[in-house]
Amino acid sequence: MSNQASTLFDKVWDAHVVRKIEDGPDVFFIDRHFIHEVTSPVAFLGLETRGIGVMYPERTFATADHNTPTINQHLPVQDPLSANQLKALEANAAKYGISHWGLGHARNGIVHVVGPENGITLPGMTIVCGDSHTSTHGAFGAIAFGIGTSEVEMVLSSQCIMQPKPKKMRVNVNGKLGKGVTPKDVTLYIISKLTTAGATGYFVEYAGDVFENMSMEGRMTVCNMSIEMGARGGMIAPDETTFAYINGREQAPKGEKWDKALAYWKTLKTDEGAVFDKEYNFDAADIEPMITYGTNPGMGQGITRAIPTSDQVEGGKATYDKSLNYMGFHENENMLGKKIDYVFIGSCTNGRIEDFRAFASIVKGRKKADNVTAWIVPGSHIVEAQIKEEGILDILTEAGFELRQPGCSACLAMNDDKIPAGKYAVSTSNRNFEGRQGPGARTLLASPLVAAAAAVTGVVTDPRTLL
Ligand SMILES: CC(C)[C@H](C(=O)O)[C@@H](O)C(=O)O
Ligand code: SF4
């Protein structure tokens with residue numbers, strides 16, 4: 001590596017390689033391992049069967065999120081499958097001495113929200129979790145990606161993983177974002193251009209002044225959705241915004257340790273002249289508030305546009321027709337003005353404090369539309385507390401909304417929060433697959449501003465007209 005210009009990705013990857021296998025995957029060390037109730041029970045069972053333990057319990061962090069109810073969390077969990085999974089996580093964490101933030105714990109929340117907000121996620125780290133949206137943590141300049149259950153077992157037992165080195169892609173977005181255009185719109189725009197397979201086999205670095213000027217919450221939204229264009233993960237070089245976000249968080253380094261860490265973190269950027277296997281450039285001025293009209297996250301467009309015709313999109317006509325049929329939409333129809341039934345704000349994509357501030361900025365002084373059921377779900381108890389402290393809850397309550405308790409909620413409907421069949425939901429989450437939010441549910445992915453505009457008008461509305 002010595003004299004060669006390296007990318008941010010190379011620097012972090014190379015610093016973690018324990019062993020290189022000729023013509024094979026690298027064996028590399030994992031700094032942080034997050035676990036949740038869905039993908040860990042089988043891995044723990046594997047350890048038990050093999051009679052081995054957890055190598056570094058202090059590098060492993062458990063939180064309950066997917067199966068947790070978002071109301072009455074103080075009561076016993078009703079659904080037996082969910083209750084069992086939550087109990088298994090608790091028991092396994094206790095058995096192996098792993099920190100566990102279960103239901104009701106003050107720091108509980110969605111794994112990709114609680115890691116960063118407690119200073120567990122740091123620049124230059126390797127981070128894995130049995131969850132595809134682990135890419136979120138890349139916002140800090142970490143290499144973070146989702147793994148399967150057998151790899152969860154491997155990391156629990158050895159703190160290492162075997163991975164072939166992915167190819168490198170850089171996505172540059174420069175210029176100034178227009179009014180009402182948020183990080184969610186930036187990511188939906190990129191995915192609409194690259195398609196859901198456009199970054200398959202790559203690890204993406206996001207660069208350019210749009211990301212440099214973006215908050216950490218925004219960067220997390222963007223990195224979160226990297227996986228939706230097929231990427232292994234996404235990352236952004238750490239800078240003063242990153243350091244300011246981390247400084248003082250519960251588990252962040254303090255004192256001398258902080259100074260030492262900071263000096264290292266400042267070296268974590270792509271060198272001038274480093275080469276990527278693929279590079280894309282976009283102009284911020286071309287990005288509008290976005291909304292999806294189909295059944296994958298790449299089927300998105302500027303909210304003022306009409307639904308494309310099948311000859312304007314990639315992929316066969318049959319798949320396209322099936323998708324529009326599921327959504328109950330037609331080619332050439334306008335998205336603006338479409339009646340909706342549900343609004344969901346939350347998830348590891350848009351369940352952070354900035355998202356609720358954005359939502360409230362439109363709701364303030366208005367009322368919830370009568371035809372809308374709104375699920376407002378903070379990503380963690382810490383976010384929930386901030387919503388209350390900042391007066392956002394008062395704005396929501398005055399407008400006729402209710403705040404629920406933290407969890408994945410309607411993002412994937414593995415809990416009680418399911419959108420009924422045939423109903424339309426404007427959702428700030430990351431996937432609009434058939435049945436994702438409940439059997440037959442129809443999902444329109446969008447930003448918190450678009451969600452708020454829909455919640456107060458009852459139809460798909462351009463948020464710029466309400467700002
Ligand atoms: C349940 C879990 C394994 C899954 C994932 O991997 O992402 C979920 O979080 C999702 O968003 O679909
Ligand atoms: S909020 Fe949604 S995307 Fe994120 S971890 Fe939970 S289910 Fe997966």
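**Entry 1**

I started with an open sheet of four strands, which pair in parallel in the order 16-15-17-18. Two strands pair if DSSP finds at least two bridges between them; strands (E, at least two residues) and helices (H or I, at least four) are DSSP runs, numbered from the N terminus. This is a predicted model, where local features need pLDDT of at least 70, side-chain atom pairs count only at pLDDT 80 or more, and totals for chains, interfaces and linings use all residues. Residues are numbered from 1 along each chain as its sequence is written, while chains are lettered from A and ligands numbered from 1 in the order in which they are written.

Which strands form the edges here? I found strand 16 (373-376) and strand 18 (442-445), each pairing on one side only. Within the sheet, strand 15 (residues 342-345) runs parallel to strand 17 (residues 424-427), joined to it by three bridges. Valine 343 has valine 426 of strand 17 opposite it.

**Entry 1: a helix and the core**

Next I followed helix 16 (residues 448-457), which lies across strand 15, strand 16 and strand 17. Helix 16 runs at about 150° to strand 15 (axes are lines fitted to C-alpha atoms, for helices over the stretch in contact, and angles run from 0 to 180 degrees between N-to-C directions).

I then looked up the largest nonpolar core, which has 135 residues. Such a core is a set of buried Ala, Val, Leu, Ile, Met, Phe, Trp, Tyr and Cys residues joined through C-beta atoms within 7 Å, and buried means that 20 or more other C-beta atoms lie within 10 Å of a residue's own, with C-beta atoms placed from the backbone. Val343, Val363, Ala425 and Ala451 have the most contacts inside this core. Helix 16 gives the most to it, with eight residues.

My next stop was an open sheet of three strands, antiparallel, in the order 1-2-8. Its edges are strand 1 (17-19) and strand 8 (160-163), and the twist averages 40° from one strand to the next. Four bridges pair strand 2 (residues 26-29) with strand 8 in the antiparallel sense. Phenylalanine 28 stands opposite isoleucine 161 of strand 8.

**Entry 2: around ligand 1**

Which residues surround ligand 1? I noted Val38, Thr39, His66, Asp131, Ser132, His133, Gly146 and Leu412; a residue is near a molecule if its C-beta atom, placed from the backbone, lies within 6 Å of it. This shell divides into two nonpolar, five polar and one charged. Ala, Val, Leu, Ile, Met, Phe, Trp, Tyr, Cys and Pro count as nonpolar, Asp, Glu, Lys and Arg as charged, and the others, Gly among them, as polar.

How values were computed:
Two residues are in contact if their C-beta atoms, placed from the backbone, lie within 7 Å. A residue is buried if 20 or more other C-beta atoms lie within 10 Å of its own, exposed if 12 or fewer, and partly exposed in between; C-beta atoms are placed from the backbone.
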